[in-house]
Amino acid sequence: MPELSMVQALNAALRHCLAAHDRTLVFGQDVGRLGGVFRVTDGLQHEFGERRVFDTPLAESGIVGVAVGLAMAGWRPVPEIQFDGFSFPALDQMLTNLAKYRGRSRGAYDMPVTLRLPSYGGIGGPEHHSESPESIYAHTAGLKVVTPSCAQEAFNLLVAAIRDPDPVIFMEPKSRYWAKEEVALEPAGLPIGRACVVRAGSDATLVAWGPMVHRCLQVASAAEEDGVSLGVLDLRCLVPLDEATLLTSVAETGRAVVVHEAPRTAGFAAEVSARLMEGAFGSLKAPVQRVTGWDVPYPSGAVEQQYIPSVDRILLAVQRVLDY
Amino acid sequence: MDADRLRETYRLMLLARRYDEEAVRLQRQGELVAFPPMSGQEAAQVASVLALSPADMVFPSYRELGVAVGRGVDMTGYMLAFRGAWNGGLYDCRRNRFAPMASSVGSHLLHAVGWAMGARLDGRDEVAIVYFGEGATSEGDASEAFNFAGVFRAPVVFFCQNNGWAISVPAERQSAGEIWRRGEAFGFPGVRVDGGDAEAVFAATSAAAERARRGEGPTLIEALTHRFGPHSTADDDTRYRERAEVETARRNDPLGRLRARLAASGVPDSWFSDAEDEARLAVSELRASLAAAENPPAVEMFDFVYAAPPPALALQRSQLEELLGPDA
Ligand SMILES: Cc1ncc(C[n+]2csc(CCOP(=O)(O)OP(=O)(O)O)c2C)c(N)n1
Ligand SMILES: [Mg+2]
């Protein structure tokens, strides 16, 4: 199996889908000749031509709006929005139309749009380049929200998202873009919507997605040295949420810490925590804890590591659930 | 432009060029995280802002070093934005009437229009100028800004620097039409100027500002210009543009053009070397002051979220303070 970075794995997934299905389209800002500012679309225009892989004007609302129309015309659009923070100019099209078109047409139209969104912080980016808007999209009925944590998952999930008949907001963790691992480039054939136990543990369960999965694995290794056994659950999809796996994993340990980069208030950890209250209350040995970004706008690059949940902050929360 | 002002324009353009080159060096040395160079756009930036009065309000994008120099914005505070010290910049935006730099492309055109509407409501004869690239004109917000400005006859100057590229996307892909012509569609004049010609830029911007001050509403200026460098220090422009294009642009360097114009009018060589010395000194001062400048402490991320922090936020601040200990 080849050793690939997440960028290369995503590129392979796009190549696979463009080759497998000739109505797949890739478009966005700088995705053509440049191959994307992160090179995720590198070489695709050369290989599949300007008809199917093309640069758009600098207009996010336009990108999403035409994706809706292209989907209605029977195409399978895979637009890219260059950075998390620039999905906001497209929010109206995403929330008002992309999410609702199936319903507005009483099922006449599929919306097989996969919106790729380089997301989250941790790379010292300038303003608006490090946001974690997952809860906005998860809160919007009609959108699915998928977010891989490593190269292999990136490949599998992107292929599955593109095959899905519903709109998927595909949030790629920029801070994990360059981490390499062996990747099997055979589509797993699994649909989206399944969480994954990435590490088994018996004392408490860390629940995370995207970039915080790796952080939680670091925490679990650190805790192991102190004789504490932590499991790590990668949700992979926030919508649809794999509640069965979530409830079982947490029921096994009776303790959960949910971690995300997004601010705390109304972040997706609140949803996870509520599901645990509703579905696993009897097996909880401690109140569910959250470790999140602070309730502030994402700060400037120089201090972002004081914003993103650190190993220490997560360990403190682990201590709280163990000591309860 | 009179002779004094022309020399002043050259002096500031040179200063902007040298700061720009220094910023690229500082980025390579790891002192800045990333920087979007504006070399090649000095005439468009400096000459336009010099056409305004100090009470007028400037709404810059991220590539407006030359405008900042023309406005007398504190360079250390300006550059600290690119060290990741504070989003939007650490200069005095109220004193310089120079808004925090906009990195969400196209979002600030509407702010300029709103500011101009406010000035008009107050009966003040102040003008807003907003700087943006040709790429920004594709955003819906840009069209909305043009339309509001037209309908409310807002005293605003839309200053578009068409440098031919939005990262890797050429101007032809932003618009099948010509940008300056959009003014007409929204009911106000549009003009196209050679953005490498400081005098032409100054004349066009002065006319637009005067028109706005007379209460006649907005003007759209499209200044044709070139960026010599990549989109930012993180970009590799050899992937998408021919070197010949850059070489041609450099041969038409706006700084060289103005120098030739001044020399022909009798400005002696010694004046140019003095200007160069002055710029060199300013650059070394900037380097020193950046090295000495401390970033705001991490806990400041909590301090400007609300006028008065809600209790839960104050608690989070103290949690971070505690975690960081004396480093907070
Ligand atoms: C809303 C938004 N979308 C995308 C980006 C990413 N981006 C930053 S600069 C840029 C190109 C801007 O081109 P132009 O408006 O011509 O200005 P220039 O960079 O040439 O000065 C892009 C796509 C952004 N910053 N904001
Ligand atoms: Mg441009």
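**Exercise 1.** Does Trp165(B) count as buried or exposed, and at what relative accessibility?

*Solution.* The model is predicted, with local features requiring pLDDT of at least 70 and side-chain atom pairs pLDDT 80 or more, while totals for chains, interfaces and linings use all residues. Residues are numbered from 1 along each chain as its sequence is written, chains are lettered from A and ligands numbered from 1 in the order in which they are written, and side-chain values use heavy atoms, leaving out hydrogens and water. Buried means under 20% relative accessible area, exposed over 50%, and partly exposed in between, with a 1.4 Å probe and protein chains only. Trp165(B) has 12% relative accessibility and therefore counts as buried; Asn163(B), at 6%, also counts as buried.

**Exercise 2.** Identify the residues that coordinate the magnesium ion (ligand 2), and state how its site is classed.

*Solution.* Donors are N, O and S atoms within 2.8 Å of the metal (3.2 Å for Na, K and Ca), and sites may look incomplete because water is not among the atoms. Along the sequence, the donor residues follow the spacing E-x28-N-x1-W. Six donors count as octahedral if opposite donors are over 155 degrees apart and all others between 65 and 115. The angles among the six donor atoms of the magnesium ion (ligand 2) run from 51 to 177°, and the site is irregular.

**Exercise 3.** Describe the surroundings of ligand 1, beginning with the chains that contribute to them.

*Solution.* Residues from chains A and B surround ligand 1, so the site is shared between chains. Of the 20 residues around ligand 1 (a heavy atom within 4 Å), those that come nearest include Glu60(A), Arg63(B) and Trp165(B). Turning to polar contacts (pairs of N or O atoms within 3.5 Å), a nitrogen atom of ligand 1 is 2.5 Å from a side-chain N or O atom of Glu60(A). An oxygen atom of ligand 1 lies 3.0 Å from a side-chain N or O atom of Glu134(B), and an oxygen atom of ligand 1 is 2.8 Å from a backbone N or O atom of Trp165(B).

Methods:
Tetrahedral: all angles 85-135°; square planar, octahedral: opposite > 155°, others 65-115°. Polar contact = N/O pair within 3.5 Å; in protein donor to acceptor, adjacent residues only side chain to side chain.
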